[in-house]
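Work through the exercises below with the sequence and coordinates at hand. Each task is followed by its solution.

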Amino acid sequence: MDNEFMKLTKFDSMLTSKEMQLVKAVIPYIDGDASAMLGMIIKFQELRNAAALRSTDAVSAMNTDNAQNKMENLFNDIREFLSEEEQETMDMMMSMMEMMNMNEADKQDFMGNYMDMFGMGDF
């Protein structure tokens with residue numbers, strides 16, 4: 001397992017509480033079987049909380065933006081958990097997706113500006 005600090009996702013924040021996070025922080029300092037048992041109790045409670053979400057609209061309400069912003073928000077949320085190299089790859093993919101979604105006039109303007117920037121003449 002990766003010991004690097006990991007930020008809670010929106011979904012994780014719906015399953016846990018500040019108190020549960022504090023108990024998790026204490027677990028490594030407890031000797032013996034009690035630490036494992038306490039860890040299982042916390043994870044079981046998170047599982048119960050996840051099961052309770054199934055009967056609510058809480059998960060779908062986490063992102064109520066329109067469809068266009070939903071994809072952008074999705075990528076931004078995922079990006080926070082990636083390495084710098086992975087973030088650069090995702091940025092490049094997002095730029096390509098944006099370009100594919102441009103209308104023809106915008107594409108012509110974009111390509112013309114790109115060609116001018118590199119001294120490649122008119123497009």
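**Exercise 1.** Locate Gln-87 and decide whether Gln-87 is buried or exposed.

Solution. Gln-87 belongs to helix H6, residues 84–101; helices are DSSP runs of H or I with at least four residues, strands are runs of E with at least two, and both are numbered from the N terminus. The model is predicted: local features need pLDDT of at least 70, side-chain atom pairs need 80 or more, and totals for chains, interfaces and linings use all residues. Residues are numbered from 1 along each chain as its sequence is written, and side-chain values use heavy atoms, without hydrogens and water. The relative accessible area of Gln-87 is 19%, and buried means under 20%, exposed over 50%, partly exposed in between (1.4 Å probe, protein chains only). Gln-87 is therefore buried.

**Exercise 2.** Find which residues Gln-87 touches, not counting those up to four places away in sequence.

Solution. With contact taken as heavy atoms within 4.5 Å, the residues are Arg-79 and Leu-82. For Arg-79, the backbone oxygen is 3.1 Å from a polar atom of the Gln-87 side chain.

**Exercise 3.** Check the span of helix H3 (residues 33–53), then place its buried residues.

Solution. The expected span is 1.5 Å times one less than the number of residues. Ser-35, Ile-42, Glu-46 and Leu-53 are buried in H3. They cover an arc of only 40° around the axis, so they lie on the same side of H3; the arc is taken over directions from the helix axis to the C-beta atoms. Asp-33, Met-40, Phe-44 and Leu-47 are exposed on the other side of H3.

Technical notes. Polar contact = N/O pair within 3.5 Å; in protein donor to acceptor, adjacent residues only side chain to side chain.
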